[in-house]
Amino acid sequence: MDIDWAALGSVFGVGLVTTVALVGLFTLGLIGLSRQEQAAVQGGSATLARTGAYACFALCAAAVAYGIYLIVA
């Protein structure tokens, strides 16, 4: 039994980068929602913060859906 170390390293690298990117996007979405609440308390408009947060969450959902598509197909 031979292990293709280059392929294993490639899968590990892509998995690590993708995980960090998804966690970062989700974190940006949470920050956007917290900024929205701060803006609402201060009497300002929270449209931009809410839109950015929803965009981050949509990108996370799209990445997860694409990953599921790759696994199933």
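I call a residue buried under 20% relative accessible area, exposed over 50%, and partly exposed in between (1.4 Å probe, protein chains only). This is a predicted model, where local features need pLDDT of at least 70, side-chain atom pairs count only at pLDDT 80 or more, and totals for chains, interfaces and linings use all residues. Residues are numbered from 1 along each chain as its sequence is written, and side-chain values use heavy atoms, with hydrogens and water left out.

**Helix H2.** I took helices as DSSP runs (H or I, at least four residues), numbered from the N terminus. I found Ala-53, Cys-56 and Cys-60 buried in H2. Residues three or four places apart point the same way, because an α-helix has 3.6 residues a turn.

**Thr-47.** I placed Thr-47 in H2 and read it as partly exposed, with a relative accessible area of 47%.

**What covers H2?** I asked what covers the buried residues of H2. The cover includes helix H1 (5–42), with contact meaning heavy atoms within 4.5 Å. I fitted axes as lines to C-alpha atoms over the stretch in contact, with angles from 0 to 180 degrees between N-to-C directions. The axes of H1 and H2 come within 8 Å and cross at roughly 155°. That makes H1 roughly antiparallel to H2 (angles over 145 degrees count so). Among the residues making the contact are Leu-22 and Phe-26 of H1, and Ala-53 and Cys-56 of H2.

Methods. Helices (H or I, at least four residues) and strands (E, at least two) are DSSP runs, numbered from the N terminus. Angles under 35 degrees count as roughly parallel, over 145 as roughly antiparallel, 65 to 115 as roughly perpendicular and the rest as oblique.
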